Amino acid sequence: MSSHKPIDRRSVVESNYFSNWGDLWYPRIANSILRPASAIRWLTPNQVTLTSFVLYALAAALLMVGKSWALAIVLLLPVSYILDCLDGQLARYTGRTSPIGDYLDKTLDVLKIGLINVAMGVAAYRLTGKDYYLILGFISCFGFLFRYYIKLETMFGAINRDKDYLRASRARRHELYATFDAAKRAPMTIRQRMNWLYVRHHAVLALDEAEHVTFGALAALFWRPDLWCWAFAVGQLSLALFRLVERGGQLLRDPESLTYPLRK
């Protein structure tokens, strides 16, 4: 008997306390197909990662081809992200985690963001004839990458100032996850439930990978890449500027808060 079978498949789903609203359901869908996926002996987590990327790249290419491929794009984008959620679960469930797997997962995720922004910009340009949509696609991509840079620079600065930062941050994260799991099971007053809803959904405008595929599929369904470009360009740049001020304020007034898991 293989060693992974006794593991509860739900235990390999990472806590979504600090995830966006889109990540509340995609990992659950991936978890529902985890057992059949793990039964395919030749299937590795890295193969799932690469398949996810290929499907995403295909969807981006079809976006630039035209509206006739809209339904295929609507299908490909969510499926690619479900596989993106599945690769890590499969690695943990089967005990096949690896540094190269984590590296591939993280780097290809960022490459996907670049692809869909370019594709949406081109699709909007072809739809409207307005070349500024190419610039909006660039702004959206820049805003996402700038958020990443702010997060990483904040963490690297914290590490340089405090060699114990990573250990303290890891401990804080585990404490918060435990508190989150306990809160889910505890009875709540109306006020506590309202606060719970705020904690779970206050990041509704944080446009990350799940939101790219969800709104990307909707944009393809109604063939409005122009609206997608406006929403993501404004949203990504606004959030990046907010993070720039927020992290600066934390560094000046409340460096202890930087041990909490940092959002992009």
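Modeller: Helices here are DSSP runs of at least four residues, numbered from the N terminus. Lining residues of a cavity have an atom within 4 Å of one of its grid points. The model is a predicted one.

Biologist: How many cavities of 30 Å³ or more are found, and what volume does the largest have?

Modeller: The search covers the whole structure and returns 1 cavity of 30 Å³ or more. The volume of the largest cavity is about 40 Å³.

Biologist: Which residues line the largest cavity, and which element gives the most to the lining?

Modeller: The lining is made up of Tyr56, Tyr81, Asp84, Asp109, Lys112, Ile113, Glu209 and Val213. Two or more residues each come from H4, H5 and H9. With 3 residues, the element that gives the most is H5.

Biologist: Are H4 and H5 roughly parallel or roughly antiparallel?

Modeller: The axes of H4 and H5, the latter spanning residues 99–128, come within 11 Å and cross at roughly 165°. An angle over 145 degrees counts as roughly antiparallel. H4 is therefore roughly antiparallel to H5.

Biologist: Which residues make the contact of H4 with H5, and how do they divide by class?

Modeller: From H4 come Leu77, Asp84 and Asp87, which meet Asp105, Asp109, Lys112 and Ile116 in H5. By class, these residues are 2 nonpolar, no polar and 5 charged.

Biologist: What is the orientation of H4 relative to H9, and what is the hand of their crossing?

Modeller: H4 covers residues 70–94 and H9 covers residues 209–221; their axes come within 8 Å and cross at roughly 165°. Because of that angle, H4 is roughly antiparallel to H9. The hand of the crossing is left-handed.

Biologist: How do the residues of the contact of H4 with H9 divide by class?

Modeller: On the H4 side are Ala70, Leu71, Ile73, Val74, Leu77, Pro78 and Tyr81, and they meet Glu209, Ala210, Val213, Gly216, Ala217, Ala220 and Leu221 in H9. Gly counts as polar and Glu as charged. The division is 12 nonpolar, 1 polar and 1 charged.

Biologist: Is the crossing of H9 with H10 left-handed or right-handed, and which residues make the contact?

Modeller: H10 spans residues 225–253 and packs with H9 at an angle of about 155°, their axes 9 Å apart. The two are therefore roughly antiparallel to each other. The crossing of H9 past H10 is right-handed. The contact is made by Glu211, His212, Phe215, Gly216 and Ala219 of H9 with Pro225, Trp228, Phe232 and Gln236 of H10.

Definitions and conventions: Residues numbered from 1 in each chain as written. Predicted model: local features only at pLDDT ≥ 70, side-chain atom pairs only at ≥ 80, totals over all residues. Heavy atoms only, no water. Axes fitted to C-alpha atoms, helices over the stretch in contact; angles between N-to-C directions. Parallel < 35°, antiparallel > 145°, perpendicular 65-115°, else oblique. Left-handed = near helix turned anticlockwise from the far one by under 90°. Contact = heavy atoms within 4.5 Å. 1 Å grid on protein atoms, 1.4 Å probe; cavity = no way out; pocket = protein on both sides within 12 Å on 5 of 7 lines; lining within 4 Å. Points joined across faces, edges and corners; volume = space filled by probe spheres on them.
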